Amino acid sequence: MSPVAEPRTGFGPISPRVALVIVAAVAVGIVLYLGRSALGPFIVGLVLAYLLDIPVERLSRLGLPRWVSVLIVYVVTAVAVYQGLRLMLRPLANEISTFIAELPRFTAQIADQYAHLDLPPALRNAIDSFLIELGQGVGAIDPSTLLPVASIFAGVLGSIVAYIIVPVWAFYLIKDRPALAAAAERSLPAEWREDARAVASLALRVFGQWLRGQVILGLAVGIATFAGLILLSVTVDPIFGRFAIFLAVVAGVFELLPIIGPILSAIPAVLLALTAGVEPALAALLLYLVIQQVENNLFVPKIQGDAVELHPTIVMVALVLGGSIGGLLGAILALPIAAASRDVFRYVFHRVDEPPASPAEALAIIRAHPTIVEQPIGDPTEPPISGSTPPAVDAAPTAEPQAEPDEPTEATSSERP
């Protein structure tokens with residue numbers, strides 16, 4: 001096999017400057033990990049900056065100064081958020097206050113429904129024992145255990161203050177984003193800059209598609225849940241309509257948690273419907289099941305695509321690890337982080353392969369095959385592999401075509417390591 005005109009090389013050598021950049025990145029990563037409990041507001045600020053940077057870029061291309069573009073986008077966003085909250089916040093607050101006020105009555109009704117259920121004695125005894133132990137544990141609270149409540153309350157106040165400064169922090173981040181990106185690129189060696197741009201494009205592609213998909217999915221699931229609850233309030237029981245907005249908001253927010261989010265959002269609806277009887281509870285369970293199936297089989301493949309498609313086993317492990325490391329926010333961001341890590345690993349794998357692929361070639365390979373798990377060999381829907389034996393045909397091949405498969409087969413075998 002003759003050498004190519006421009007041989008492709010892998011990553012550049014580890015020079016002192018490269019070593020300094022690597023040590024600094026590791027040190028920053030350690031500091032961020034140690035202070036991960038305070039990063040929540042800034043992660044929300046990064047999401048806000050990413051969403052608002054798109055219209056800012058479009059306004060800047062029209063010739064407006066970047067800070068003017070940021071101010072215009074901020075004003076429009078603030079007005080839109082205010083109008084949305086003004087329309088929805090009052091009925092939502094009314095439903096939440098009504099739910100809290102009637103919670104004791106709902107609890108008594110659920111207990112009455114449970115008392116009249118025809119359950120096996122062993123199952124009923126197990127549930128009764130669990131409820132008795134739970135009640136004893138709540139009633140035997142040591143006053144000293146209430147001391148951490150003060151620290152939790154102080155932490156909540158600190159988080160509120162941190163979230164207040166998020167819009168200001170995001171303003172400067174959006175305004176100076178081109179200069180910050182250029183400075184970060186100049187800090188890297190010249191031979192590493194193309195790889196850095198490629199890795200950044202892969203990560204931004206995954207996070208951008210995940211974020212857009214979650215916003216659309218949350219709105220779609222919330223609207224579908226609201227419409228379904230209104231329909232159930234007319235056909236099954238009026239209790240669904242009394243808390244339709246509250247339950248729809250819960251369903252839309254819990255959509256951020258894949259797999260377990262829809263299950264958690266169905267629990268309050270089923271318990272609330274159980275106060276009206278077993279049939280309404282079954283109707284609520286059926287509604288959420290239908291919405292979840294439509295979402296998984298129709299919305300998710302169309303909206304999110306292959307950029308964040310992960311195997312369910314990886315999704316569950318990522319959720320558990322993300323939740324244990326970063327709490328609820330870690331569980332929410334676990335999926336895009338895992339998907340971005342997958343693409344970055346595949347990119348580096350192709351860059352250090354033998355022969356190494358160029359940055360453009362590695363990006364092209366990942367975008368052409370966005371998922372690791374491909375169709376199995378022998379699948380009738382899979383396209384034939386180049387160089388493989390073609391299927392048999394009725395007409396006998398001539399002498400000339402028989403020699404043609406040998407050339408690509410030899411070329412392919414010579415390219416294998």
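Visitor: What is the average pLDDT of the chain?

Guide: The chain averages a pLDDT of 74, and 72% of the residues score at least 70. pLDDT is the predictor's confidence in each residue, from 0 to 100. This is a predicted model: local features need pLDDT of at least 70, side-chain atom pairs count only at pLDDT 80 or more, and totals for chains, interfaces and linings use all residues. Residues are numbered from 1 along each chain as its sequence is written, and side-chain values use heavy atoms, with hydrogens and water left out.

Visitor: Where is the pLDDT below 50?

Guide: Residues 1-7 fall below 50, and beyond near neighbours in sequence this stretch has one contact (heavy atoms within 4.5 Å) in the model. Residues 137-154 are also below 50, again with one contact beyond near neighbours in sequence. Where pLDDT is low, the predicted coordinates should not be read in detail.

Visitor: How many aromatic pairs does the structure hold?

Guide: Four. Phe42 and Trp169 form one of them, at 5.3 Å centre to centre and 80 degrees between the planes.

Visitor: Why is the pair of Phe42 and Trp169 called edge-to-face?

Guide: Rings of Phe, Tyr and Trp (its six-membered ring) pair if their centres lie within 6.5 Å; planes under 30 degrees apart count as stacked, over 60 as edge-to-face and the rest as tilted. Here the centres are 5.3 Å apart and the planes 80 degrees, so the pair is edge-to-face.

Visitor: What makes Phe42 count as partly exposed?

Guide: Buried means under 20% relative accessible area, exposed over 50%, partly exposed in between (1.4 Å probe, protein chains only). Phe42 has 31%, so Phe42 is partly exposed. Trp169 has 32%, so Trp169 is partly exposed.

Visitor: Which angle lies between the planes of Tyr74 and Phe171?

Guide: The angle is 85 degrees, with 5.9 Å centre to centre, and the pair is edge-to-face. Tyr74 lies in helix 3 (residues 66-101) and Phe171 in helix 7, 97 residues apart. Helices (H or I, at least four residues) and strands (E, at least two) are DSSP runs, numbered from the N terminus.

Visitor: Is Phe171 buried or exposed?

Guide: Phe171 has 17% relative accessibility, which is under 20%, so Phe171 counts as buried.

Visitor: Which residues form one aromatic cluster with Phe171?

Guide: Tyr74 and Tyr172 do.
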